[in-house]
Amino acid sequence: MIREIGAIDVFYMALAMRWTLVLTLLALAGGSVIGLAVATAGASSRGWLRFGARLYVGAVQGIPLLALLFVFFFGLSVVGFSLPPLVAATVAYSVYAGAFLGEIWRGALIAVPRTQWEAGASIGLSFAEQLRHVIIPQAVRLATPPSVGFLVQLIKNTSLAAVIGFVELTREGQLTSAATFQPFWVYTIVAALYFSLCFPLTRLSRRLERTLRVAR
Amino acid sequence: MSLVELRQVVKRYGTHTVLDQVDLSVEPGEIVAIIGRSGSGKSTMLRCINGLERVQAGEVVVDGVAVHQPGADLRSLRARVGFVFQSYNLFPHLTAEKNITLGPRIVQGVDPARATELARQALRRVGLEEKLQSYADELSGGQQQRVAIARCLAMSPKIMLFDEITSALDPELVGEVLKVLEDMARDGMTMLVVTHEMNFARRVADRVVFMHQGKVWEQGPAEQIFAEPRTDALRQFLSSVLH
(Lines give C-alpha, C1' and ligand atoms only; values in the text may rest on other atoms or scores of the structure.)
Protein backbone atom coordinates (compact mmCIF):
# COMPACT_ATOMS: atom_id res chain seq x y z
CA MET A 1 0.00 0.00 0.00
CA ILE A 2 1.62 3.24 -1.11
CA ARG A 3 0.67 6.41 0.70
CA GLU A 4 1.69 10.08 0.67
CA ILE A 5 4.55 11.33 2.83
CA GLY A 6 3.12 13.47 5.63
CA ALA A 7 3.85 15.29 8.82
CA ILE A 8 3.36 12.07 10.70
CA ASP A 9 6.31 10.49 8.84
CA VAL A 10 8.59 13.39 9.72
CA PHE A 11 7.40 13.06 13.29
CA TYR A 12 8.24 9.34 13.40
CA MET A 13 11.66 9.93 11.90
CA ALA A 14 12.36 12.63 14.48
CA LEU A 15 11.27 10.15 17.14
CA ALA A 16 13.59 7.48 15.73
CA MET A 17 16.43 9.95 16.25
CA ARG A 18 16.22 9.16 19.93
CA TRP A 19 17.48 5.62 19.20
CA THR A 20 20.34 7.11 17.21
CA LEU A 21 21.14 9.18 20.29
CA VAL A 22 20.70 6.25 22.69
CA LEU A 23 23.08 4.08 20.66
CA THR A 24 25.56 6.97 20.39
CA LEU A 25 25.52 7.57 24.14
CA LEU A 26 25.83 3.86 24.98
CA ALA A 27 28.72 3.53 22.53
CA LEU A 28 30.31 6.67 23.98
CA ALA A 29 30.03 5.28 27.50
CA GLY A 30 31.39 1.84 26.59
CA GLY A 31 33.99 3.35 24.29
CA SER A 32 35.16 5.74 27.01
CA VAL A 33 35.79 2.89 29.44
CA ILE A 34 37.71 0.90 26.83
CA GLY A 35 39.38 4.05 25.50
CA LEU A 36 40.62 5.06 28.94
CA ALA A 37 42.17 1.62 29.41
CA VAL A 38 43.69 1.68 25.92
CA ALA A 39 45.09 5.20 26.42
CA THR A 40 46.64 4.44 29.81
CA ALA A 41 48.11 1.17 28.54
CA GLY A 42 49.35 2.87 25.37
CA ALA A 43 51.09 5.66 27.32
CA SER A 44 52.43 3.31 29.97
CA SER A 45 56.12 2.70 30.54
CA ARG A 46 55.54 -1.07 30.45
CA GLY A 47 56.28 -2.56 27.02
CA TRP A 48 53.73 -5.38 27.16
CA LEU A 49 50.92 -2.96 28.02
CA ARG A 50 51.86 -0.71 25.12
CA PHE A 51 52.00 -3.77 22.86
CA GLY A 52 48.54 -4.87 23.96
CA ALA A 53 47.11 -1.42 23.31
CA ARG A 54 48.73 -1.25 19.87
CA LEU A 55 47.39 -4.70 19.02
CA TYR A 56 43.84 -3.76 20.00
CA VAL A 57 43.88 -0.42 18.18
CA GLY A 58 45.48 -1.95 15.10
CA ALA A 59 42.96 -4.79 14.98
CA VAL A 60 39.88 -2.63 15.41
CA GLN A 61 41.06 0.11 13.05
CA GLY A 62 41.77 -2.56 10.44
CA ILE A 63 38.27 -4.04 10.53
CA PRO A 64 35.30 -2.34 8.87
CA LEU A 65 32.67 -1.27 11.35
CA LEU A 66 30.10 -3.21 9.36
CA ALA A 67 32.13 -6.42 9.89
CA LEU A 68 32.27 -5.74 13.63
CA LEU A 69 28.48 -5.38 13.67
CA PHE A 70 28.02 -8.65 11.80
CA VAL A 71 30.42 -10.47 14.13
CA PHE A 72 28.57 -9.40 17.27
CA PHE A 73 25.07 -9.86 15.82
CA PHE A 74 25.13 -12.75 13.34
CA GLY A 75 28.46 -14.30 14.36
CA LEU A 76 27.68 -14.70 18.03
CA SER A 77 24.18 -16.01 17.36
CA VAL A 78 25.71 -18.88 15.36
CA VAL A 79 27.74 -20.00 18.41
CA GLY A 80 24.72 -19.70 20.66
CA PHE A 81 24.81 -16.12 21.96
CA SER A 82 21.81 -14.47 20.42
CA LEU A 83 22.05 -10.80 21.29
CA PRO A 84 19.22 -8.33 20.70
CA PRO A 85 20.15 -5.72 18.06
CA LEU A 86 20.62 -2.92 20.61
CA VAL A 87 22.99 -5.00 22.72
CA ALA A 88 24.97 -6.30 19.76
CA ALA A 89 25.23 -2.77 18.35
CA THR A 90 26.29 -1.34 21.73
CA VAL A 91 29.08 -3.92 22.05
CA ALA A 92 30.27 -3.44 18.46
CA TYR A 93 30.22 0.37 18.66
CA SER A 94 31.94 0.35 22.08
CA VAL A 95 34.75 -1.81 20.71
CA TYR A 96 35.01 0.55 17.74
CA ALA A 97 34.85 3.79 19.75
CA GLY A 98 37.27 2.39 22.35
CA ALA A 99 40.01 2.00 19.77
CA PHE A 100 39.62 5.47 18.26
CA LEU A 101 39.11 7.33 21.54
CA GLY A 102 41.96 5.37 23.10
CA GLU A 103 44.27 6.47 20.31
CA ILE A 104 43.15 10.12 20.57
CA TRP A 105 43.60 10.16 24.34
CA ARG A 106 46.94 8.36 24.28
CA GLY A 107 48.16 11.00 21.85
CA ALA A 108 46.95 13.75 24.18
CA LEU A 109 48.65 12.21 27.20
CA ILE A 110 52.03 11.91 25.52
CA ALA A 111 51.67 15.34 23.91
CA VAL A 112 51.98 17.04 27.30
CA PRO A 113 55.72 17.79 27.44
CA ARG A 114 57.95 15.88 29.87
CA THR A 115 59.01 19.25 31.29
CA GLN A 116 55.50 19.69 32.70
CA TRP A 117 55.97 16.52 34.75
CA GLU A 118 59.32 17.86 35.92
CA ALA A 119 57.87 21.22 36.86
CA GLY A 120 55.23 19.42 38.92
CA ALA A 121 57.84 17.22 40.57
CA SER A 122 60.08 20.21 41.31
CA ILE A 123 57.43 21.84 43.50
CA GLY A 124 56.98 18.59 45.41
CA LEU A 125 53.91 17.06 43.76
CA SER A 126 53.68 13.26 43.88
CA PHE A 127 53.18 11.23 40.70
CA ALA A 128 49.41 11.07 41.23
CA GLU A 129 49.24 14.82 41.99
CA GLN A 130 51.25 15.63 38.87
CA LEU A 131 48.75 13.61 36.85
CA ARG A 132 45.73 15.14 38.50
CA HIS A 133 46.73 18.82 38.65
CA VAL A 134 49.16 19.21 35.75
CA ILE A 135 48.99 16.47 33.11
CA ILE A 136 45.34 15.40 32.88
CA PRO A 137 43.88 18.93 32.73
CA GLN A 138 46.16 19.68 29.78
CA ALA A 139 45.57 16.29 28.12
CA VAL A 140 41.80 16.80 28.39
CA ARG A 141 42.10 20.18 26.67
CA LEU A 142 44.20 18.64 23.92
CA ALA A 143 41.83 15.68 23.50
CA THR A 144 38.51 17.51 23.55
CA PRO A 145 38.36 18.88 19.98
CA PRO A 146 39.32 15.57 18.31
CA SER A 147 37.04 13.65 20.69
CA VAL A 148 34.09 15.83 19.74
CA GLY A 149 35.10 15.35 16.12
CA PHE A 150 35.02 11.59 16.62
CA LEU A 151 31.62 11.88 18.30
CA VAL A 152 30.30 13.34 15.05
CA GLN A 153 31.67 10.33 13.17
CA LEU A 154 30.09 8.04 15.73
CA ILE A 155 26.64 9.63 15.34
CA LYS A 156 26.78 9.25 11.58
CA ASN A 157 28.12 5.69 11.80
CA THR A 158 25.27 4.53 14.02
CA SER A 159 23.29 4.50 10.73
CA LEU A 160 25.08 1.23 9.92
CA ALA A 161 23.18 -0.44 12.76
CA ALA A 162 20.16 -0.31 10.46
CA VAL A 163 21.54 -3.41 8.71
CA ILE A 164 21.09 -5.59 11.80
CA GLY A 165 17.51 -4.38 12.13
CA PHE A 166 18.02 -1.78 14.84
CA VAL A 167 15.40 0.88 14.21
CA GLU A 168 17.19 4.19 14.50
CA LEU A 169 16.95 7.18 12.18
CA THR A 170 18.26 5.52 9.01
CA ARG A 171 16.21 2.33 9.47
CA GLU A 172 13.10 4.41 10.11
CA GLY A 173 13.89 6.25 6.88
CA GLN A 174 14.12 2.95 5.01
CA LEU A 175 10.74 1.88 6.38
CA THR A 176 9.13 5.21 5.54
CA SER A 177 10.65 5.15 2.08
CA ALA A 178 9.25 1.68 1.46
CA ALA A 179 5.80 2.78 2.57
CA THR A 180 5.68 6.08 0.65
CA PHE A 181 7.93 5.31 -2.30
CA GLN A 182 9.42 8.79 -1.96
CA PRO A 183 13.09 7.97 -1.24
CA PHE A 184 14.35 11.40 -2.34
CA TRP A 185 12.25 13.32 0.14
CA VAL A 186 12.55 10.76 2.90
CA TYR A 187 16.34 10.57 2.77
CA THR A 188 16.62 14.34 2.44
CA ILE A 189 14.76 14.60 5.73
CA VAL A 190 16.99 11.89 7.25
CA ALA A 191 20.08 13.79 6.11
CA ALA A 192 18.73 17.06 7.51
CA LEU A 193 18.10 15.41 10.87
CA TYR A 194 21.66 14.02 11.04
CA PHE A 195 22.96 17.42 10.05
CA SER A 196 21.03 19.10 12.85
CA LEU A 197 22.81 16.82 15.33
CA CYS A 198 26.30 16.94 13.87
CA PHE A 199 26.78 20.49 12.68
CA PRO A 200 26.53 22.14 16.13
CA LEU A 201 29.06 19.61 17.45
CA THR A 202 31.46 20.38 14.63
CA ARG A 203 31.17 24.08 15.42
CA LEU A 204 31.75 23.34 19.10
CA SER A 205 34.87 21.33 18.27
CA ARG A 206 36.26 24.24 16.23
CA ARG A 207 35.56 26.69 19.00
CA LEU A 208 37.25 24.49 21.61
CA GLU A 209 40.34 24.31 19.41
CA ARG A 210 40.74 28.05 19.58
CA THR A 211 40.47 28.29 23.36
CA LEU A 212 43.08 25.72 24.42
CA ARG A 213 45.72 26.64 26.94
CA VAL A 214 48.33 23.90 26.89
CA ALA A 215 52.11 23.66 26.78
CA ARG A 216 53.58 23.13 23.34
CA MET B 1 76.60 22.34 58.45
CA SER B 2 76.49 22.74 54.70
CA LEU B 3 73.09 23.16 53.09
CA VAL B 4 74.17 21.15 50.05
CA GLU B 5 76.83 18.46 50.17
CA LEU B 6 77.85 16.43 47.10
CA ARG B 7 80.43 13.70 47.69
CA GLN B 8 81.99 11.69 44.87
CA VAL B 9 78.79 11.93 42.80
CA VAL B 10 78.72 9.88 39.60
CA LYS B 11 75.99 10.15 36.96
CA ARG B 12 76.04 8.17 33.74
CA TYR B 13 73.70 7.92 30.77
CA GLY B 14 74.51 4.51 29.34
CA THR B 15 78.27 4.53 28.86
CA HIS B 16 78.52 8.31 28.85
CA THR B 17 79.70 9.71 32.17
CA VAL B 18 78.09 13.11 32.79
CA LEU B 19 79.23 13.64 36.37
CA ASP B 20 82.56 12.13 37.32
CA GLN B 21 83.11 12.04 41.09
CA VAL B 22 81.87 15.53 41.79
CA ASP B 23 82.41 17.12 45.20
CA LEU B 24 80.69 20.35 46.11
CA SER B 25 79.38 21.97 49.25
CA VAL B 26 77.28 25.07 49.63
CA GLU B 27 76.88 26.99 52.89
CA PRO B 28 73.69 28.76 53.94
CA GLY B 29 73.48 32.23 52.43
CA GLU B 30 76.09 31.51 49.81
CA ILE B 31 75.61 32.45 46.16
CA VAL B 32 77.41 30.06 43.88
CA ALA B 33 77.63 30.55 40.13
CA ILE B 34 78.30 27.45 38.05
CA ILE B 35 79.93 28.05 34.68
CA GLY B 36 81.29 25.83 31.95
CA ARG B 37 80.75 24.68 28.41
CA SER B 38 77.51 23.01 27.44
CA GLY B 39 77.75 19.30 28.14
CA SER B 40 80.11 19.83 31.07
CA GLY B 41 77.53 18.53 33.55
CA LYS B 42 76.35 21.84 35.11
CA SER B 43 72.64 21.30 34.61
CA THR B 44 72.81 17.61 35.48
CA MET B 45 74.51 18.44 38.77
CA LEU B 46 71.77 20.93 39.60
CA ARG B 47 69.06 18.38 38.76
CA CYS B 48 70.71 15.79 41.02
CA ILE B 49 70.42 18.19 43.96
CA ASN B 50 66.60 18.13 44.00
CA GLY B 51 66.39 14.51 42.86
CA LEU B 52 65.13 15.15 39.32
CA GLU B 53 68.04 12.91 38.29
CA ARG B 54 69.14 9.78 40.16
CA VAL B 55 72.86 9.38 40.79
CA GLN B 56 74.69 6.09 40.24
CA ALA B 57 77.24 6.56 42.99
CA GLY B 58 78.20 9.02 45.69
CA GLU B 59 76.15 11.00 48.18
CA VAL B 60 73.84 13.98 47.75
CA VAL B 61 72.76 15.49 51.06
CA VAL B 62 70.52 18.56 50.92
CA ASP B 63 69.28 20.23 54.11
CA GLY B 64 69.79 16.97 56.00
CA VAL B 65 68.00 14.78 53.43
CA ALA B 66 70.01 12.01 51.75
CA VAL B 67 68.65 12.54 48.23
CA HIS B 68 70.69 9.65 46.76
CA GLN B 69 68.97 7.04 48.92
CA PRO B 70 65.93 5.25 47.49
CA GLY B 71 62.83 6.27 49.37
CA ALA B 72 64.23 9.68 50.34
CA ASP B 73 61.47 12.14 51.25
CA LEU B 74 61.77 14.21 48.08
CA ARG B 75 58.31 15.74 48.53
CA SER B 76 59.10 17.80 51.59
CA LEU B 77 62.62 18.48 50.34
CA ARG B 78 61.41 19.92 47.05
CA ALA B 79 59.13 22.28 48.95
CA ARG B 80 62.32 23.68 50.53
CA VAL B 81 64.38 23.63 47.31
CA GLY B 82 63.15 25.96 44.57
CA PHE B 83 64.05 25.01 41.00
CA VAL B 84 63.76 27.40 38.06
CA PHE B 85 64.02 25.95 34.55
CA GLN B 86 65.49 27.40 31.37
CA SER B 87 62.13 27.01 29.62
CA TYR B 88 60.08 28.49 32.54
CA ASN B 89 57.71 25.47 32.56
CA LEU B 90 54.74 27.38 33.90
CA PHE B 91 51.51 25.36 33.94
CA PRO B 92 49.79 26.86 30.87
CA HIS B 93 46.26 25.87 31.91
CA LEU B 94 46.50 27.83 35.16
CA THR B 95 46.70 31.55 35.93
CA ALA B 96 49.84 32.96 37.52
CA GLU B 97 48.04 32.83 40.85
CA LYS B 98 47.08 29.16 40.50
CA ASN B 99 50.58 28.30 39.29
CA ILE B 100 51.98 29.78 42.46
CA THR B 101 49.38 28.47 44.92
CA LEU B 102 49.49 24.84 43.70
CA GLY B 103 52.60 23.91 45.68
CA PRO B 104 51.65 25.65 48.94
CA ARG B 105 48.09 24.24 48.80
CA ILE B 106 48.83 20.66 47.77
CA VAL B 107 52.28 20.05 49.19
CA GLN B 108 52.34 22.30 52.24
CA GLY B 109 48.65 22.19 53.12
CA VAL B 110 48.21 25.97 53.21
CA ASP B 111 44.56 27.09 53.13
CA PRO B 112 43.39 28.74 49.88
CA ALA B 113 43.02 32.29 51.22
CA ARG B 114 46.48 32.24 52.75
CA ALA B 115 47.91 30.66 49.57
CA THR B 116 46.48 33.50 47.48
CA GLU B 117 48.09 35.99 49.84
CA LEU B 118 51.41 34.15 49.46
CA ALA B 119 51.03 34.31 45.68
CA ARG B 120 50.38 38.05 45.85
CA GLN B 121 53.44 38.60 48.02
CA ALA B 122 55.63 36.42 45.80
CA LEU B 123 54.49 38.25 42.65
CA ARG B 124 55.16 41.59 44.35
CA ARG B 125 58.74 40.48 45.00
CA VAL B 126 59.27 39.85 41.29
CA GLY B 127 57.43 43.04 40.35
CA LEU B 128 54.38 41.41 38.73
CA GLU B 129 51.61 41.83 41.27
CA GLU B 130 49.22 43.03 38.55
CA LYS B 131 49.64 39.74 36.64
CA LEU B 132 47.94 37.57 39.28
CA GLN B 133 45.17 36.52 36.88
CA SER B 134 47.28 36.25 33.71
CA TYR B 135 47.98 33.04 31.84
CA ALA B 136 51.47 32.14 30.62
CA ASP B 137 50.55 32.87 26.99
CA GLU B 138 49.66 36.43 27.97
CA LEU B 139 53.11 37.09 29.44
CA SER B 140 56.49 37.83 27.87
CA GLY B 141 59.34 35.36 28.38
CA GLY B 142 60.88 37.53 31.05
CA GLN B 143 57.56 37.84 32.86
CA GLN B 144 56.97 34.09 32.65
CA GLN B 145 60.37 33.43 34.16
CA ARG B 146 59.66 35.88 36.98
CA VAL B 147 56.35 34.10 37.69
CA ALA B 148 58.30 30.82 37.74
CA ILE B 149 60.62 32.34 40.33
CA ALA B 150 57.61 33.55 42.33
CA ARG B 151 56.19 30.01 42.18
CA CYS B 152 59.27 28.87 44.10
CA LEU B 153 59.39 31.83 46.47
CA ALA B 154 55.83 31.24 47.67
CA MET B 155 56.99 27.99 49.26
CA SER B 156 59.64 29.83 51.32
CA PRO B 157 62.54 27.73 50.05
CA LYS B 158 65.85 27.50 51.90
CA ILE B 159 67.75 27.34 48.65
CA MET B 160 67.04 28.20 45.03
CA LEU B 161 68.49 26.39 42.02
CA PHE B 162 68.57 28.25 38.72
CA ASP B 163 69.19 26.29 35.51
CA GLU B 164 70.31 28.71 32.77
CA ILE B 165 67.19 30.73 33.40
CA THR B 166 68.03 33.55 30.99
CA SER B 167 69.25 31.42 28.08
CA ALA B 168 65.85 31.21 26.38
CA LEU B 169 65.14 34.93 26.75
CA ASP B 170 65.46 37.70 24.23
CA PRO B 171 68.49 39.81 25.20
CA GLU B 172 66.40 42.82 26.24
CA LEU B 173 64.48 40.67 28.77
CA VAL B 174 67.53 39.22 30.53
CA GLY B 175 68.03 42.25 32.75
CA GLU B 176 64.62 42.15 34.47
CA VAL B 177 65.16 38.51 35.48
CA LEU B 178 68.71 39.01 36.72
CA LYS B 179 67.53 41.99 38.75
CA VAL B 180 65.11 39.69 40.61
CA LEU B 181 68.03 37.37 41.36
CA GLU B 182 70.10 40.25 42.68
CA ASP B 183 67.24 41.30 44.97
CA MET B 184 67.01 37.76 46.30
CA ALA B 185 70.77 37.68 46.83
CA ARG B 186 70.50 40.86 48.89
CA ASP B 187 67.77 39.21 50.98
CA GLY B 188 70.22 36.45 51.90
CA MET B 189 68.81 33.59 49.80
CA THR B 190 71.13 30.65 49.22
CA MET B 191 71.43 30.28 45.45
CA LEU B 192 73.06 27.96 42.96
CA VAL B 193 73.07 29.59 39.56
CA VAL B 194 74.04 27.75 36.39
CA THR B 195 74.65 30.61 34.00
CA HIS B 196 76.29 31.91 30.86
CA GLU B 197 76.02 35.50 32.14
CA MET B 198 79.63 36.05 33.17
CA ASN B 199 79.03 39.62 34.28
CA PHE B 200 76.28 38.46 36.59
CA ALA B 201 78.54 35.72 38.00
CA ARG B 202 81.33 38.20 38.58
CA ARG B 203 79.11 40.80 40.21
CA VAL B 204 76.77 38.71 42.37
CA ALA B 205 78.37 35.34 43.11
CA ASP B 206 80.37 34.72 46.28
CA ARG B 207 82.00 31.77 44.61
CA VAL B 208 82.33 30.59 41.04
CA VAL B 209 82.53 26.90 40.16
CA PHE B 210 83.94 25.96 36.76
CA MET B 211 82.84 22.57 35.50
CA HIS B 212 84.69 20.69 32.78
CA GLN B 213 84.32 17.12 31.52
CA GLY B 214 81.92 16.23 34.31
CA LYS B 215 84.18 17.41 37.10
CA VAL B 216 84.43 20.46 39.31
CA TRP B 217 87.59 21.62 37.56
CA GLU B 218 88.30 24.81 39.41
CA GLN B 219 86.50 26.96 41.94
CA GLY B 220 87.09 30.05 44.01
CA PRO B 221 86.00 33.64 44.64
CA ALA B 222 84.69 35.34 41.51
CA GLU B 223 87.56 37.82 41.17
CA GLN B 224 90.14 35.03 41.41
CA ILE B 225 88.38 32.77 38.89
CA PHE B 226 88.06 35.54 36.31
CA ALA B 227 91.37 37.32 36.93
CA GLU B 228 93.71 34.43 37.71
CA PRO B 229 92.47 31.16 36.20
CA ARG B 230 94.83 28.38 37.20
CA THR B 231 93.99 25.75 34.59
CA ASP B 232 94.22 25.81 30.81
CA ALA B 233 90.66 24.59 30.44
CA LEU B 234 89.29 27.57 32.40
CA ARG B 235 91.58 30.01 30.56
CA GLN B 236 90.33 28.70 27.22
CA PHE B 237 86.72 28.79 28.36
CA LEU B 238 87.03 32.37 29.60
CA SER B 239 88.73 33.56 26.45
CA SER B 240 85.92 32.03 24.38
CA VAL B 241 83.13 33.69 26.36
CA LEU B 242 84.77 37.02 27.26
CA HIS B 243 86.04 38.95 24.31
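Guide: Start with a definition: two residues are in contact if their C-beta atoms, placed from the backbone, lie within 7 Å. This is a predicted model, in which local features need pLDDT of at least 70, side-chain atom pairs count only at pLDDT 80 or more, and totals for chains, interfaces and linings use all residues. Residues are numbered from 1 along each chain as its sequence is written, and chains are lettered from A and ligands numbered from 1 in the order in which they are written.

Visitor: How many residues does the contact take from chain B and from chain A?
Guide: Chain B gives 20 residues and chain A gives 19 residues.

Visitor: Which helix of chain B has the largest share of that side?
Guide: H3(B), with four residues. Helices (H or I, at least four residues) and strands (E, at least two) are DSSP runs, numbered from the N terminus.

Visitor: New topic. What is the order of the strands in the open sheet of chain B?
Guide: The order is S2-S1-S4-S5, with antiparallel pairing. Two strands pair if DSSP finds at least two bridges between them.

Visitor: Which strands are at the edges?
Guide: Strand S2 (16-26) and strand S5 (65-66) of chain B, each pairing on one side only.

Visitor: And how many bridges join S1(B) to S2(B)?
Guide: Seven; strand S1 covers residues 4-13 of chain B. B:Glu5 has B:Ser25 in S2(B) as its bridge partner.

Visitor: What do S9(B) and S10(B) form?
Guide: A hairpin, with two residues between the strands. In its turn, B:Gln213 has a positive phi of about 50°.
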